[in-house]
Amino acid sequence: MKPNPVVLIVSAAFGDGHAKVAEAIEQSFKEKGIDQVYIVDLFAEVHPYLNELFQRFYLNTAVYVPKLYGILYRITSRMKPEQPFSQFLHSIGKKKAKSILDELQPDIIIHTFPYLVASQLSEEAESEVSIFTVLTDYVLHGRWLHPSTLKYFTATESMKQALLSAGVPEERITISGIPIRDAFREPMNRGQLLLKHGFSESRRYILLSAGAYGVMSNISMMINTVLEYSDFDLIVLCGNNQGLRLSLVDLYLHNPRIHILGYTEEMHELMAVSSGLLTKAGGITLTEAIAMSLPVIVYRPLPGQEEGNAHLLTGLRVIYTAYNKHELIHRLRQLEIQPCREEMQQFMHTLTRKESSQTIVSEVLKATEQNLYAQ
């Protein structure tokens, strides 16, 4: 293997998580002196209009008809790589994708998003490029699977078992955890961060995150429930949804217990000053909170991968899930009880793999070298 291989990390702008995972992996490559690392939103490059259409469909179904999204997710979840529909999805934009790959000439391709056209091209050309997949949720969907994948990196033992059941050989599976950025692994001074962000040291905060696109529903109900049934103040993140942010500012402008913010790159700092996180069930956000031992309540997870994430992690006693206002009140009261918080944090410690990206990079380089020798 070349001392400085070219690495392509396939990411996507469906939410913020895939890009954050890609950045964490890129950083670990650079720490090893490998600097030819390219993060590419390949689907957006190949099909910008179709990419925008799919994003709008995801956002609109998530907000207005989440059950429809859940039905589509379940129908496609058991798809096999050899089935025509699966091959069609992996072949969309194949011609343009080939031109991008020909330009970059990658030695290693890592997927953090299940658009596997590079795998399809590699299989057809019998390429020597080593291809890997980093699964960014706690449940498996068939779109992640492809026979050209040299190794899969998963979050948990249950994910490994799901891959085995799907026919993936055990030697091609590594339980690495989901990569997170260094900022979520480093100690922080809460007092300094409270001062920096203008928060009070005498108050306790719930961080309410609506995701990168601010598509979480029932925001006002959740805010009012926290205010009425707990002593927590609120830090509300609206993501890139400016309409949501402005509407909440109008509603709560004069309430000193509520702090309304938009998109932030300082999520780690806001988690560090908070006593709990109230959020949707995105795999990356949950992983970041778990790494920081920040107690989590997921409210009404969206059908699909988020519902799967919430179900699995609740079963492991790592997070709380609430499906209605009554359950939300109960979970908020549990967060105010120190033994309940400590119990959740203990279970979080058993799941945390803070060196995930380093593990992935080391395994990728090792597997790539072995693959070259085998050819």
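**View 1. Strand β7 is buried along its length.** All 5 of the 5 residues of strand β7 (residues 205-209) are buried, so the strand is largely enclosed by the rest of the structure. Here, buried means under 20% relative accessible area, exposed means over 50%, and partly exposed lies in between (1.4 Å probe, protein chains only). Strands are DSSP runs of E with at least two residues, helices are runs of H or I with at least four, and both are numbered from the N terminus. Y205, L207 and S209 point one way from β7, while I206 and L208 point the other way, and all are buried. A note on what you are looking at: this is a predicted model, in which local features need pLDDT of at least 70 and side-chain atom pairs count only at pLDDT 80 or more, while totals for chains, interfaces and linings use all residues. Residues are numbered from 1 along each chain as its sequence is written, and side-chain values use heavy atoms, with hydrogens and water left out.

View 2. Two strands pair if DSSP finds at least two bridges between them. β7 and strand β8 (residues 233-237) pair in the parallel sense over 5 bridges. To find your place, look for S209, which stands opposite L237 in β8. β7 also pairs in the parallel sense with strand β10 (residues 276-279), over 4 bridges. In that pairing, I206 stands opposite G276 in β10.

**View 3. Six strands form an open sheet.** Follow the order of the 6 strands, β2-β1-β3-β4-β5-β6, with parallel pairing. The edge strands, β2 (37-40) and β6 (173-175), each pair on one side only. Neighbouring strands of this sheet are turned by 20 degrees against each other on average, direction ignored. Helix α8 (residues 157-165) packs on the sheet and touches β5 and β6, where contact means heavy atoms within 4.5 Å. The direction of α8 makes about 170 degrees with that of β6; such angles run from 0 to 180 degrees between N-to-C directions, and axes are lines fitted to C-alpha atoms, for helices over the stretch in contact.

**View 4. Strand β4 runs beside β5.** The two strands, β4 and β5 (residues 151-154), run parallel and are joined by 3 bridges. V134 has F153 in β5 as its bridge partner.

**View 5. Helix α10 packs against α15.** Two packed helices are described by the angle between their axes and the distance between the axes. The axes of α10 (residues 219-229) and α15 (residues 325-335) come within 10 Å and cross at roughly 45 degrees. The two helices are therefore oblique to each other: angles under 35 degrees count as roughly parallel, over 145 as roughly antiparallel, 65 to 115 as roughly perpendicular and the rest as oblique. M221, M222, T225, V226 and Y229 in α10 meet K325, L328, I329, L332 and R333 in α15. By class, this contact of α10 with α15 has 7 nonpolar, 1 polar and 2 charged residues. Ala, Val, Leu, Ile, Met, Phe, Trp, Tyr, Cys and Pro count as nonpolar, Asp, Glu, Lys and Arg as charged, and the others, Gly among them, as polar.
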